[in-house]
Amino acid sequence: MMQHSNHEDTNDLEFTTSIDQSIKQNVPLPPPTNNVLQSMIDSQSSKATTTSTTTTTTLSGNIQPSPSSSYTPTLPGLSFLINSAHPTACLFHLLFKAAAFALYLLGSKFMEDIMVTVICILFNAADFWVVKNISGRLLVGLRWWNKVDPVTGATSWIFESAAPTSEGGSTVNSFDSRFFWGVLYATPLLWMFFFLTAMLWLQFQCFVTLVTALVLSCSNVYGYYQCSADQRRKVADWMNTGMEMGVGAMIRGGMIGRLFGGVRREAVATVDTMPGTFA
């Protein structure tokens, strides 16, 4: 009885195996990869390719021009200097003048009058030096200076201008020339206006500042006027035009006066007078 049960247990331990011929055996496995890492690498490479074919963008969002672009970046508020050949010289040609005017008009609200006078004189002196030695030479090709003879002590004034090009043209930028002469002529006119205003209001504490500014600005005007034959010709033309207009106005005024005078004389002659004579 026991033997029979052992035989049945042995039959229960029998296994059956089979081989599936449809599965390929001994095939090399592909190298293990991280799909997430690979996708990140692919995305970065595509971004780099796209960036290399487009313009770069700064952190502030402004598009930077490519090296082949002809765009010239300018400071905010100074776009009017884009046509200048020497924008830095134009800026300093105006800078110290504007500082002196602003300090003269508004400085008394923040500091004492003596400090306003001292700083205004320093600004005008700096402007005189810049215009005489830098901006005039760069913007219009002119320079004036004086030389003292060490033997006799005599002072000689020298007025120089740049030589024209080989083609006979000028090397001066038209914008620079207009800017230089316009600012140069306007400066003493403004100081003269302030001087007359101070005289009317009896502001004697401003006279030192105004006289110094007038002397320095008029010195540069006279020096560069003597340097430039073109400016002498233009001023002569302006004077001739003004004289012609004045003479024309006087002639017209005289003719009108004579016309009205003759009418009045004729009117008086037609009035009846009392008969008789008077001793």
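In which hand, left or right, does helix 3 pass helix 5? The crossing of helix 3 past helix 5 is left-handed, a word used when the near helix is turned anticlockwise from the far one by less than a right angle, clockwise being right-handed.

This is a predicted model, in which local features need pLDDT of at least 70, side-chain atom pairs count only at pLDDT 80 or more, and totals for chains, interfaces and linings use all residues. Residues are numbered from 1 along each chain as its sequence is written, and side-chain values use heavy atoms, with hydrogens and water left out.

**Helix 5 itself**

Helices here are DSSP runs of H or I with at least four residues, numbered from the N terminus. Helix 5 covers residues 174-200, and its 27 residues should span 39 Å at 1.5 Å a residue, which agrees with the 39 Å between its end C-alpha atoms. The expected span is 1.5 Å times one less than the number of residues. At the start of helix 5, a side-chain oxygen of N173 comes within 2.9 Å of the backbone nitrogen of F175. After helix 5 comes L202, with a positive phi near 55°.

The table gives the packing of each pair, with axes fitted to C-alpha atoms over the stretch in contact and angles running from 0 to 180 degrees between N-to-C directions.

| Pair | Angle | Axes |
|---|---|---|
| Helix 3 (residues 87-106) and helix 5 | about 15° | 10 Å apart |
| Helix 5 and helix 6 (residues 207-227) | about 150° | 9 Å apart |
| Helix 4 (residues 113-139) and helix 5 | roughly 155° | within 11 Å |

Angles under 35 degrees count as roughly parallel and those over 145 as roughly antiparallel. Helix 3 and helix 5 are therefore roughly parallel, whereas helix 5 and helix 6 are roughly antiparallel. Helix 5 passes helix 6 in a left-handed crossing, and the crossing of helix 4 and helix 5 is left-handed too.

**Who touches whom**

Contact means heavy atoms within 4.5 Å. Helix 5 meets helix 6 through residues including F180, L184 and W191, with F207, L210 and Y224 among those on helix 6. That contact divides into 20 nonpolar, three polar and no charged residues; Ala, Val, Leu, Ile, Met, Phe, Trp, Tyr, Cys and Pro count as nonpolar, Asp, Glu, Lys and Arg as charged, and the others, Gly among them, as polar.

On helix 4, N124, V131, S135, G136 and L139 meet D176, S177, F180, L184 and W191 of helix 5. This contact has five nonpolar, four polar and one charged residues.

Terms used:
Helix = DSSP H or I, 4+ residues; strand = E, 2+ residues; numbered from the N terminus. Polar contact = N/O pair within 3.5 Å; in protein donor to acceptor, adjacent residues only side chain to side chain. Parallel < 35°, antiparallel > 145°, perpendicular 65-115°, else oblique.
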